[in-house]
Amino acid sequence: SALGGIYIIRHQPFDSDVSTLNKKEKAMDKACLTLVIIGALNWLLVGIFQFDLVAAVFGSQSAIISRVIFSVIGLAGAWCIGLLFRDWKQVSAARG
């Protein structure tokens with residue numbers, strides 16, 4: 001469709017494209033959402049109690065393992081951005 005001379009192109013997946021939301025991608029979605037939820041709960045603890053659970057368990061915030069965990073949670077958050085743009089109507093129709 002056109003909006004003020006700007007054409008919006010939306011990807012219309014084929015039926016086979018929708019069915020490629022396979023088990024690996026579903027597992028990745030769930031794993032990333034779990035990590036994002038853990039990160040959000042950690043921020044809740046920081047906000048309310050000034051207690052960083054990740055740093056308390058794995059050393060200070062500057063400890064390499066804490067930094068790796070924070071980075072993995074950040075990457076999971078980046079993955080979850082894609083969930084915002086997924087066409088859930090087509091996905092649920094493909095699931096049956």
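A residue is called buried when its relative accessible area is under 20%, exposed when it is over 50%, and partly exposed in between (1.4 Å probe, protein chains only). Helices are DSSP runs of H or I with at least four residues, numbered from the N terminus. The model is predicted, and local features need pLDDT of at least 70, side-chain atom pairs count only at pLDDT 80 or more, and totals for chains, interfaces and linings use all residues. Residues are numbered from 1 along each chain as its sequence is written, and side-chain values use heavy atoms, with hydrogens and water left out.

Helix α4 covers residues 64-84. The expected span of a helix is 1.5 Å times one less than its number of residues.

Within α4, the buried residues include Ser 66, Ile 69, Ile 73, Ala 76, Cys 80 and Leu 83. They lie on the same side of α4, because they cover an arc of only 85° around the axis, the arc being that of the directions from the helix axis to the C-beta atoms. An α-helix has 3.6 residues a turn, so residues three or four places apart point the same way. Ile 64 and Leu 75 are exposed on the other side of α4.

Arg 86 counts as buried because its relative accessibility is 18%. Its side chain makes a polar contact of 3.0 Å with that of Glu 25. Such a contact is a pair of N or O atoms within 3.5 Å; within protein, one must be able to donate a hydrogen and the other to accept it, and residues adjacent in sequence count only if both atoms are side-chain atoms.

Helix α2 (residues 23-49) holds Trp 43, which counts as exposed at 63% relative accessibility.

Technical notes:
Helices (H or I, at least four residues) and strands (E, at least two) are DSSP runs, numbered from the N terminus.
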